[in-house]
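I opened this model to go through its fold, its cores and a few loop residues. My notes follow in the order I looked things up.

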Amino acid sequence: MTPQALLCGAAQPATLMVDSLQDDRLVAFGYAMHSMTIRSATTITNSLVPLLKTMRMVVDIAGGSGAFLQAILSHPALSSLRAIHFELPAVSAFARQRLIQDGHRHLCRRMEFIAGDMFSGGVFPGHAPFPALTLNPTSTSTQAPPPDPIPNTSPTPGPVSHGGVLYIFSSVLHDWPAERNIALLAKAVRSLPHGGTLLVHEMFLSADPTQSSTIATTMDVAMLMWAEGGQCTRDQVDDWLQLAVHIARGAK
């Protein structure tokens, strides 16, 4: 579950959760989601090292606590990889603060934290051509950033060119109904440069409901209560991706 799902799908107390980095509920929610994500993110990273080594940029859409990017950028074989964390403003600020407080300040030098709404605009950050993009680790929003206490001792990265871009949706699609997921995936397809890759990470339900794991079924009930979507099957995501490709290519 993402903070944006709570913002859009729940009542006023949940809205407060994503309004300010000073809100204890945002911090508690962020760390809870981090503890649920970091182990699977590390496992997935280890299994995808050959693919990730071909990438120059990873963009985590609705990246939450930054767990997935932490796992990827911490891997010793991926030391040249750079990343964009895209989230709501307060969550973006929380992710950066958490990384620093948890001893990953050095990773922030290879990241840009961009604040925004994933449902707004025609493309995601990191799309090509994107000649103005330089990964300034001091940025926490789309506005001019404040002075940063982290000295940048790494070389200034250049713009992203064609290929080598990975977009990640980790535990995002289960928050939203099918039509919104198709729109998000179509936006990602439009944003990807030639040779780019889209990674969807979800806890899938079985096509036969009686064969779904207990944790996936429990999560499905939670999503029905707290968000607008629910856990999906692998076939559902495949269908959404096919529709997204047709939409992104302008098919009728």
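I count a contact when heavy atoms lie within 4.5 Å. Helices (H or I, at least four residues) and strands (E, at least two) are DSSP runs, numbered from the N terminus.

**Ground rules.** This is a predicted model, so I take local features only at pLDDT of at least 70 and side-chain atom pairs only at pLDDT 80 or more, while totals for chains, interfaces and linings use all residues. Residues are numbered from 1 along each chain as its sequence is written, and side-chain values use heavy atoms, with hydrogens and water left out.

**H3 against H6.** I began with helix H3 (residues 24-47) and helix H6 (residues 89-101). From H3, I found Leu-26, Val-27, Gly-30, Tyr-31 and His-34 meeting Ala-90, Val-91, Phe-94, Arg-98 and Gln-101 of H6. The two helices pack at about 65°, with axes 11 Å apart. Axes here are lines fitted to C-alpha atoms, for helices over the stretch in contact, and angles run from 0 to 180 degrees between N-to-C directions.

**Whole chain.** I get 10 helices and five strands. Of the 252 residues, 49% are buried, where buried means under 20% relative accessible area, exposed over 50%, and partly exposed in between (1.4 Å probe, protein chains only). Among contacts between residues at least 6 apart in sequence, 78% join residues at least 24 apart.

**The sheet.** What is the order of the five strands in the open sheet? I read S3-S2-S1-S4-S5, with parallel pairing. Strand S3 (111-115) and strand S5 (197-201) are the edges, each pairing on one side only. The twist averages 20° from one strand to the next. Two strands pair if DSSP finds at least two bridges between them; S1 and strand S4 (residues 165-170) have five, in the parallel sense. I checked Val-58 and found Leu-166 in S4 as its bridge partner.

**Ser-65.** I looked for this residue and found it in the loop between strand S1 (57-61) and helix H5 (67-74). Is Ser-65 buried or exposed? It counts as buried because its relative accessibility is 7%. Its side chain makes a polar contact with the side chain of His-34 at 3.0 Å. For that term I need a pair of N or O atoms within 3.5 Å; within protein, one must be able to donate a hydrogen and the other to accept it, and residues adjacent in sequence count only if both atoms are side-chain atoms. A polar atom of the Ser-65 side chain also lies 3.4 Å from the backbone nitrogen of Ala-67. Not counting residues up to four places away in sequence, Ser-65 touches Gly-30, His-34, Phe-94, Ala-95 and Arg-98. His-34 belongs to the H3 side of the H3-H6 packing, and Phe-94 and Arg-98 to the H6 side.

**H5.** This helix is mostly covered, with seven of its eight residues buried. Ala-67 and Phe-68 are among them.

**Cores.** A nonpolar core is a set of buried Ala, Val, Leu, Ile, Met, Phe, Trp, Tyr and Cys residues joined through side-chain atoms within 4.5 Å. The largest has 26 residues, and Ile-61, Met-118, Phe-124 and Phe-169 have the most contacts inside it. S1, S2, S4, helix H8 (178-191) and helix H10 (234-248) each supply at least two residues of this core. H8 gives the largest share, five residues. Apart from it lies another core, of 22 residues, including Phe-68 and Leu-199. Leaving aside neighbours within four places in sequence, Ile-61 contacts Phe-86, Met-118, Phe-124, Tyr-167, Ile-168, Phe-169 and Val-172.

**Positive phi.** Ala-62, in the loop between S1 and H5, has phi near 55°, positive in a residue other than glycine. Ala-62 is buried, at 8%. Ser-171, in the loop between S4 and H8, has a positive phi of about 50° and is not a glycine either. Ser-171 is partly exposed, at 22%.

**Lys-53.** I ended in the loop between helix H4 (49-52) and S1, where Lys-53 is found. Lys-53 is exposed, with a relative accessible area of 56%. Leaving aside neighbours within four places in sequence, Lys-53 contacts Ala-77 and Leu-78. Lys-53 and Leu-78 are 25 residues apart in sequence and 6.2 Å apart, C-alpha to C-alpha.
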